[in-house]
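Please consider the sequence and the model shown below. The paragraphs that follow lead through the structure from its charged pairs to its strands and loops.

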Amino acid sequence: MKKAALFLLGCVLLGACSGKDSFSPDDGDMQRALNVSLFESKDSQKKWILRADEVDFADLNSAVLHHPRLLLRENGQDSAQVSGDRGTFNYSQKLVSIEGNAQVRSFKEKVTLSTDRFFYDVDKDRIWSDKKTIVVRGPAKITARGGIETDSKLVKIEFKKQSTQLPRDLKQVPGVKA
């Protein structure tokens, strides 16, 4: 995380250099950077990469992200991506939130999750939502009314307040002759 903090500081400093001959602390562009990437490495492998088209560093506790894309990696390979319209990265809590047409796509499990907002806890390597979430895998589509919780690989997805309607008799089950 120290590397990510140093990288973040470098981005802030680069964003502050807007090409003007002089600048003042009142310049609004000093706390913004374009096309930013933040990441964490372990054993020379990137665990996750957070990219955004624009980042606002005005708040000292968190960064505001515009069009964020969080790429989750496992053993040097991309495993899933979380994307949305906007988000935040809280430095002290190591918590990423992505909202507005939020979607998680698993590259290995071929699962797509859609909702208004997802959270990612860097330390626990967990993704969750607290609102109605649609889970699609192949032709199957399931709605979790209270959200979901899963690991970054999307291997085991826990549904919150899920409701499933079972058929009343075998005639209602497709492909089964009664």
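R117 is partly exposed, with a relative accessible area of 23%; partly exposed denotes a value between the limits for buried (under 20% relative accessible area) and exposed (over 50%), computed with a 1.4 Å probe on protein chains only. The model is a predicted one, in which local features need pLDDT of at least 70 and side-chain atom pairs count only at pLDDT 80 or more, while totals for chains, interfaces and linings use all residues. Residues are numbered from 1 along each chain as its sequence is written, and side-chain values use heavy atoms, with hydrogens and water left out.

What does the side chain of R117 meet in a salt bridge? The partner is D130, at 2.9 Å from N to O; a salt bridge here is a side-chain nitrogen of Lys or Arg within 4 Å of a carboxyl oxygen of Asp or Glu. R117 lies in strand β7 and D130 in the loop between β8 (126–128) and β9 (133–137), so the pair ties together parts that are 13 residues apart in sequence. D130 is itself partly exposed, with a relative accessible area of 39%. Helices (H or I, at least four residues) and strands (E, at least two) are DSSP runs, numbered from the N terminus.

The structure holds 11 salt bridges. Side chains of opposite charge can pair when their charged atoms come close. Another such pair is formed by R126 and E158, with 3.8 Å from N to O. R126 belongs to strand β8 and E158 to strand β12 (residues 157–159), so this pair ties together parts that are 32 residues apart in sequence. E158 is partly exposed, at 37% relative accessibility. D78 and R73 also form a salt bridge, their closest N and O atoms being 3.0 Å apart. Both residues count as partly exposed, D78 at 34% and R73 at 24% relative accessibility.

R32, E54 and D56 are linked in a network of salt bridges. Of these residues, D56 is placed in strand β2 and is buried, with a relative accessible area of 16%. The side chain of D56 reaches the backbone nitrogen of A58 at 2.9 Å. Such a polar contact is a pair of N or O atoms within 3.5 Å; within protein, one must be able to donate a hydrogen and the other to accept it, and residues adjacent in sequence count only if both atoms are side-chain atoms. Not counting residues up to four places away in sequence, D56 touches Q31, R32, S62, A63 and V64, where contact means heavy atoms within 4.5 Å.

Strand β2 (residues 45–56) runs antiparallel to strand β1 (residues 32–42), and 10 bridges join the two; strands pair if DSSP finds at least two bridges between them. E54 in β2 is the bridge partner of L34. The hairpin of β1 and β2 has two residues between the strands, and D43 takes a positive phi near 55° there.

A63, one of the residues touched by D56, is found in strand β3 (residues 62–74). A63 counts as buried, at 0% relative accessibility. Leaving aside neighbours within four places in sequence, A63 is in contact with V55, D56, F57, G87, T88, F89 and Y91. A63 and V96 are 33 residues apart in sequence, and their C-alpha atoms are 9.6 Å apart in space.

Is K110, by contrast, buried or exposed? K110 is exposed, with a relative accessible area of 59%, and its place is in the loop between β6 (95–106) and β7 (112–121). A polar atom of the K110 side chain lies 3.0 Å from the backbone oxygen of F107. Not counting residues up to four places away in sequence, K110 touches V136, R137 and G138.

Of its 178 residues, 36% count as buried. The mean pLDDT, the predictor's confidence in each residue from 0 to 100, is 82 for the chain, and 74% of the residues reach 70 or more. Over residues 12–26 the pLDDT is below 50, and this stretch has 11 contacts in the model beyond near neighbours in sequence. Where pLDDT is low, the predicted coordinates should not be read in detail.
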